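User: I have just opened this structure and would like a guided walk through it. Could you begin with a single residue and widen the view from there?

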Amino acid sequence: MLTLELALAGLGVGAIAALAAVGMITSYRATGVFNLSFGALAMIVAYLVWQQVRVWGWPLWAAVLLDVGVVAPALGLVLERFVFRGLHREGAGPARMLVASLGVFVLLVGVATLTWGTQARLDPPSIVPTGSVALPGDTSVPTGTLVELGVVIAVAALVAGVTRYTRFGVRLRAVVDRRALAELAGVPADRVAAAGWAFGSMLAGLTGVLLAPHLRLDPYGLTLLVLETIGVAVVARLASLPVAILAALAIGVGQSELSRLELDSWGLVQALQANLFVVVMLVALLVLPRMIEVGGPDATRAATRIGTGHGESAPAGWWVPFVAVAAAPLALSAEHLRIAQQVPALAIVFVSLVMLTGYAGQISLGQAGFAGLGALFAGQLMGREVPGLVALFLAALLVVPVGLLTGWPAIRRRGLTLALTTFAVAAVVSRFVFAQPRFTTDAVLDHPSPFEGERAFYALELVCLGLVLLVIRRLHVSRLGRMLVAVRDHESGAAAAGVDVSSAKVFVFAVGAGVAGLGGALLGMGGRAFDAAAFDPVLGLVWFAAVVVFGVDSAAGAVLAAGLVVALDAATTAGMSTIVIGALAVLLSRMPGGVPATVLRLAAGHPPAPTEPIPVRLTPLGRTLRARVRP
């Protein structure tokens, strides 16, 4: 039976989750992009308010009005103009849009880390009043909860009224569904889209300001918490605002009511109480039918196409500098060599993404979870006196069944739905496995025998990386590899040609998980301890962006990406590598195939990708049609 006091306490959390879900759905329906950077925008605005109020001494309402009413919409206008407008005009599919929003996410997280550090701020200012309102039966409800519920209902009513009953709403839906036809009918698509982005960013800022006082303010925590409310948006099918609000309130109340249960010895009930939104996100993505992508009939066909550089051929002898660079750390001191040991291990994880996304077109945002499981399995095996080398490769094999379980739902999913599902798997693994002392306290990680020395262990990593690269190369040129590329390029066409698409997807997920587990085990052994923060789900998003930036179908690019990430983190301040990766990801629309493919095109004398699309010039017939269908 529900307890009224706990239910009222859960309404506050549910109201904030509802606002985040309403903002995500509104942004999605207004722009045609599922904006993964929504949480990062919320975090940036919350940090700005904290900086202005706590550090500079500004009045609270002045800071909130400036940041939510001016700064947040301005950020939305900048994103629309310089990141997404060109992609929309090119007719980019959901996958490229997802990568662009992921680049913005990574960039904003890096800026926040570089500016404010990773230390949590415990005093974010609150704009809701304190106190409570008395109810019959000696029960009271916090005033702040009522205010937050009122804000959610008001925003939902405003959005529903504008989109359904105004001329602007009709134009907005036309631009999202058929941008070219809307422009043909005389709709100012750029201005309409800009207004949608500004409003969506304003809702993100409002979410951050309301949510920050309920938890610690740090670049990863607040961002990840907003992302976890994706489950509410999924339950609402990214369309129904009332369903999103009711689902968020129900989950918030349910999460609060779980606190009545006695904690079990495994601590899973306590974990469920704190992470019910994560569980709902995964269950909703697995159980509910595939979400409908916006953007017209071409969206599904382009759902897995990110843009590859497979048309660019590498110069002869390209592998020579790779060998030289890989062997160079052997001459470093032990201290610097310990830092360099991260490169081969991280490169193995990145290569698993090349196989999944580059070769097979399966967008996976959950490789951090697979890598962390590899490290944890290796630590548990070594803690039970299993020889280090045996534990290393056995851990990778133990991750394969997890990849099979993840790959099975991928049979009927693609694009946005698949990406969110893999992220949800990583989030659940992080919260219910990595964060539970019962699973991590007995993990013992160290350099395996007979590779105890720093140089010997680095040589072992290079051997493992070389073996992975050889396997991936062999896979790519084999018949199976050609089948995977066919699935990536045109899934229905591959099925018509006799390719077993379902088996191919499950296979690539299983092998990709095992490869990522091997890299994660090496990362853990190099650090000589299991660190849950090293496999945070948000880091998985950064890793995916890094691989895409350096060529999503290039194993050599994955190695370069790993070297850049480790080198920047070691040589500069924390967050610099994230900023660089995010900035390059944002520029991907001007660098088809990533940085290496762009460099090769420039070296061959080919012009770079145009920064502005060629304007459409209407024929007399087109002008006549536009005059007849003009609203």
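Analyst: With a relative accessible area of 34%, Arg528 counts as partly exposed; buried means under 20% relative accessible area, exposed over 50%, and partly exposed in between, with a 1.4 Å probe and protein chains only. This is a predicted model, in which local features need pLDDT of at least 70 and side-chain atom pairs count only at pLDDT 80 or more, while totals for chains, interfaces and linings use all residues. Residues are numbered from 1 along each chain as its sequence is written, and side-chain values use heavy atoms, with hydrogens and water left out.

User: Where is Arg528 found?

Analyst: Arg528 sits in the loop between helix H25 (501-527) and helix H26 (537-549). Helices (H or I, at least four residues) and strands (E, at least two) are DSSP runs, numbered from the N terminus. Although Arg528 is not a glycine, it has a positive phi of about 60°.

User: What about Arg237, and where does it lie?

Analyst: Arg237 lies in the loop between helix H10 (230-235) and helix H11 (241-257). Its phi is near 60°, a positive value in a residue other than glycine. Arg237 is partly exposed, at a relative accessible area of 42%.

User: Next, the peptide bonds. Which residues does a cis peptide bond join?

Analyst: Ser449 and Pro450 are joined by a cis peptide bond, with omega at about 5°. Pro450 belongs to the loop between helix H21 (437-440) and helix H22 (454-477).

User: Let us step back. How many helices and strands are in the protein?

Analyst: The protein has 30 helices and two strands. Of its 631 residues, 54% are buried. The accessible surface comes to about 26,200 Å², and 66% of that belongs to carbon and sulfur atoms; these areas come from the Shrake-Rupley method with a 1.4 Å probe, and for residues only the protein chains shown count as cover.

User: And the contacts: what share joins residues at least 24 apart?

Analyst: Among contacts between residues at least 6 apart in sequence, the share is 79%. Contact means heavy atoms within 4.5 Å.

User: Now a helix pair. At what angle do H5 and H8 pack?

Analyst: Helix H5 (residues 143-165) and helix H8 (residues 189-211) pack at an angle of about 175°, and their axes are 12 Å apart. That makes H5 roughly antiparallel to H8. Angles under 35 degrees count as roughly parallel, over 145 as roughly antiparallel, 65 to 115 as roughly perpendicular and the rest as oblique. Axes are lines fitted to C-alpha atoms, for helices over the stretch in contact, and angles run from 0 to 180 degrees between N-to-C directions.

User: Which residues of H5 meet H8?

Analyst: Glu148, Val151, Val155, Leu158 and Val159 of H5 meet Phe199, Leu203, Leu206 and Leu210 of H8. By class, the contact of H5 with H8 has eight nonpolar residues, no polar ones and one charged residue. Here Ala, Val, Leu, Ile, Met, Phe, Trp, Tyr, Cys and Pro count as nonpolar, Asp, Glu, Lys and Arg as charged, and the others, Gly among them, as polar. The buried residues of H5 include Glu148, Val155 and Val159.

User: How far does H5 reach from its first C-alpha to its last?

Analyst: H5, with 23 residues, reaches 32 Å, close to the 33 Å expected at 1.5 Å a residue. The expected span of a helix is 1.5 Å times one less than its number of residues.

User: Turning to H23, what covers its buried residues?

Analyst: The cover includes helix H17 (342-359), H22, helix H24 (491-496) and H25. In helix H23 (residues 479-489), the buried residues are Gly481, Met483, Leu484, Val485, Val487 and Arg488.
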